[in-house]
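Subject: A structure for you to look at

Hi there,

I am passing a structure on to you, together with some notes on what turned up in it. Please have a look before you read on.

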Amino acid sequence: MQAQPHPAPDLAHARAALQAAGLKQTHQRALILAALRQSVAHLSAEALHAQLAPAHPGLSLATVYRTTEALAAAGLLRRVPTADGVLRFDGKTEGHHHLCCEATGQIHDYDDPELTALLERYFAQRRIEGFTVQSVQLQILGRFTGPEPGTALPPESAAAAPDLP
């Protein structure tokens, strides 16, 4: 089975985001940002380099490392630490959670506004001494059992879900 080519990244939107963040608009930065924003795979710097290098042989792994860190520091990417110690990056910066498969290492976005609101209420009511909560993002560990993980089931569909306060 031959690997499918990746679609061309949307460099115009990436350049606009770089400009809005006050970052220098280099081709490498725009390319890396666009590739991560269109990917659902939560790539590591190494995996991103492997994906981009065939079409961009002048792009070094060191550039990918430096650029992903600069983009994350500017808030254009999210860092996604994993249980295996590999740092991955997420181009989706809006609030969401992650489902992390312990068997495959895959990470999928998990959007559940009700869960997010519950967590925000919890931390608004229970302060942590010496710490200010800015946002809450869960990494939910488990094993994928179906083809499309990441969709919250309505409460009546959840099997034996525990009651929450």
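Below are the notes, from the overall layout down to single residues.

First, this is a predicted model: local features need pLDDT of at least 70, side-chain atom pairs count only at pLDDT 80 or more, and totals for chains, interfaces and linings use all residues. Residues are numbered from 1 along each chain as its sequence is written, and side-chain values use heavy atoms, with hydrogens and water left out.

**Overall layout**

The protein has 5 helices and 5 strands, where helices (H or I, at least four residues) and strands (E, at least two) are DSSP runs numbered from the N terminus. Along the sequence they come in the order α-α-α-α-β-β-β-β-α-β. Of its 165 residues, 28% count as buried; buried means under 20% relative accessible area, exposed over 50% and partly exposed in between, with a 1.4 Å probe and protein chains only.

**Salt bridges**

A salt bridge puts a side-chain nitrogen of Lys or Arg within 4 Å of a carboxyl oxygen of Asp or Glu. The whole structure holds 2 of them.

- Arg-79 pairs with Glu-69, with the closest N and O atoms 2.8 Å apart. This pair links distant parts of the chain, since Arg-79 is in strand β1 (residues 78-80) and Glu-69 in helix α4, 10 residues apart. Arg-79 is partly exposed at 40% relative accessible area, and Glu-69 is partly exposed at 32%.
- Lys-92 meets Asp-111, also in a salt bridge, at 2.8 Å from N to O. Lys-92 lies in the loop between β2 (88-90) and β3 (97-101) and Asp-111 in the loop between β4 and α5, so the pair ties together parts 19 residues apart in sequence.

**Around Leu-61**

Leu-61 is in helix α4 (residues 61-73) and is partly exposed, at 33%.

Best wishes
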